[in-house]
Amino acid sequence: GDVVVAVGTTSVRAIESVYWLGVRVLRDGAARAEVLAALRDPAKPAVGLVGQWDSYDAAREGVDAAAALDAVADLAEEAGVSRVVGTTGLLIAPGYELRAVDALVTNFHQPRSTLLMLVAAALARGEAGEVGRERMEQVYEEALREGYRFLSFGDSSFLAPEWVLRAGAAEWAPSF
């Protein structure tokens with residue numbers, strides 16, 4: 001399928017949260033009905049997408065990303081809405097396996113932040129937790145050595161697993 005490149009850590013959390021909402025919709029008829037009712041009622045403030053640890057409790061669900069995302073899109077269509085609004089508490093840290101995002105464009109983050117934990121998880125791509133941390137440290141050491149700027153108005157990086165990098169631009173292209 002297509003390569004999904006998230007721009008920014010917030011996009012990663014949003015896309016991954018919609019994935020987990022799709023898993024809930026596909027696996028639990030009551031959750032499907034609840035989400036459908038919330039989508040149909042504009043007075044409801046938001047759909048609770050996923051709790052902080054829900055994805056870890058449901059890990060290894062084996063639901064295809066396209067199927068989960070399509071389930072949410074189909075539900076929105078059924079509800080007659082063009083967007084899904086919700087909240088998420090999803091914490092992406094080493095040990096979390098990205099399900100719907102393949103690569104990430106992000107700036108260089110503050111040391112000891114949850115954003116760095118997300119970057120480490122993205123760089124691990126399902127391998128042992130220390131792998132992501134080690135890769136992140138390599139990336140940040142290079143950034144420091146080369147004088148990259150950090151934080152919101154700094155430089156950015158493209159972080160992707162080897163298979164995305166090997167595929168090259170001929171096999172995938174971002175779509176807007």
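Contact, in this report, means heavy atoms within 4.5 Å. The structure described is a predicted model, in which local features need pLDDT of at least 70, side-chain atom pairs count only at pLDDT 80 or more, and totals for chains, interfaces and linings use all residues. Residues are numbered from 1 along each chain as its sequence is written, and side-chain values use heavy atoms, with hydrogens and water left out.

**Overall composition**

The chain contains 7 helices and 5 strands; helices (H or I, at least four residues) and strands (E, at least two) are DSSP runs, numbered from the N terminus. Read from the N terminus, the order of elements is β-α-α-β-α-α-β-β-α-α-β-α. Of the 176 residues, 39% are buried, where buried means under 20% relative accessible area, exposed over 50%, and partly exposed in between (1.4 Å probe, protein chains only). Among contacts between residues at least 6 apart in sequence, 80% join residues at least 24 apart.

An open sheet is formed by 3 strands in the order 1-4-5, with mixed pairing. Its edge strands, strand 1 and strand 5, each pair on one side only. Two strands pair if DSSP finds at least two bridges between them. Strand 4 and strand 5 are antiparallel and share 4 bridges; Val105 has Phe158 in strand 5 as its bridge partner. Helix 1 lies across strand 1 and strand 4, at about 125 degrees to strand 1. For such angles, axes are lines fitted to C-alpha atoms, for helices over the stretch in contact, and values run from 0 to 180 degrees between N-to-C directions.

| Strand 1 | residues 5-7 |

**Helix 5**

Helix 5 spans residues 114-124 and is mostly covered, with 8 of its 11 residues buried. These buried residues are Leu116, Leu118, Val119, Ala120, Ala121, Ala122, Leu123 and Ala124. Just after the helix, Arg125 adopts a positive phi of about 45 degrees.

**Val84**

Val84 sits in the loop between helix 4 (65-79) and strand 3 (86-88). Its relative accessible area is 31%, so Val84 is partly exposed. Leaving aside residues up to four places away in sequence, Val84 touches Leu21, Leu39, Val72 and Ala76. Leu39 is 45 residues from Val84 along the chain, and their C-alpha atoms are separated by 7.1 Å.
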